[in-house]
Amino acid sequence: MPFAISILLICAFALAVTTPAGAADPRLLASLGKLDPQTRLEQVCDLAAVEHIGKSGNLPKPDRAKSNVITPPRHHGDTIEASGGAFRSGGKWYAFSYRCKASPDHLNVLSFTYRVGAMIPKSKWQEYGLWD
């Protein structure tokens with residue numbers, strides 16, 4: 001997915017999660033609707049990861065999360081299990097895993113659990129496709 005679309009989705013999702021569920025930005029829904037269902041599920045769940053980890057207060061609010069950094073996520077219908085993901089918080093990347101269940105249209109997260117792992121050394125960033 002082009003970088004610009006990814007950034008647009010992140011910004012639009014950030015706005016949408018601060019409003020009631022029924023008041024989602026139509027532009028966000030249109031953007032997500034253009035993605036194939038598997039990619040949409042990953043995007044919605046990665047964005048939920050940013051939201052949930054940010055609310056924990058244990059680390060600075062993440063600005064990016066990716067489910068497919070160390071290992072590809074496993075899809076099971078409307079559920080994704082990501083055991084090899086990473087998120088960026090305070091300029092550092094951390095390994096994490098999550099389980100996310102979304103609505104059948106993959107536009108709303110119904111349940112989300114996660115576990116934060118170790119900080120990923122900067123020496124591994126290039127190998128994993130991570131950046132500053």
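Contact is defined here as heavy atoms within 4.5 Å. The structure is a predicted model, in which local features need pLDDT of at least 70, side-chain atom pairs count only at pLDDT 80 or more, and totals for chains, interfaces and linings use all residues. Residues are numbered from 1 along each chain as its sequence is written, and side-chain values use heavy atoms, with hydrogens and water left out.

Residue V116 belongs to strand β5, which spans residues 109-119; strands (E, at least two residues) and helices (H or I, at least four) are DSSP runs numbered from the N terminus. Not counting residues up to four places away in sequence, V116 touches F87, A95 and F96. The C-alpha atoms of V116 and G85 are 9.6 Å apart in space, and the two residues are separated by 31 residues in sequence. V116 is classed as partly exposed because its relative accessible area is 36%, between the limits for buried (under 20%) and exposed (over 50%), with a 1.4 Å probe and protein chains only.

A nonpolar core is a set of buried Ala, Val, Leu, Ile, Met, Phe, Trp, Tyr and Cys residues joined through side-chain atoms within 4.5 Å. The largest such core has 16 residues, of which A49, F96 and Y98 touch the most other members. At least two residues of this core come from each of α3 (37-56), β3 (79-89) and β4 (92-102), and α3 provides the largest share, 6 residues. Another core, of 7 residues, lies apart from it and includes V69, I120, W125 and L130.

The loop between β4 and β5 contains H106. H106 is buried because its relative accessible area is 6%. Its phi is near 60 degrees, a positive value in a residue other than glycine. Most residues other than glycine have a negative phi.
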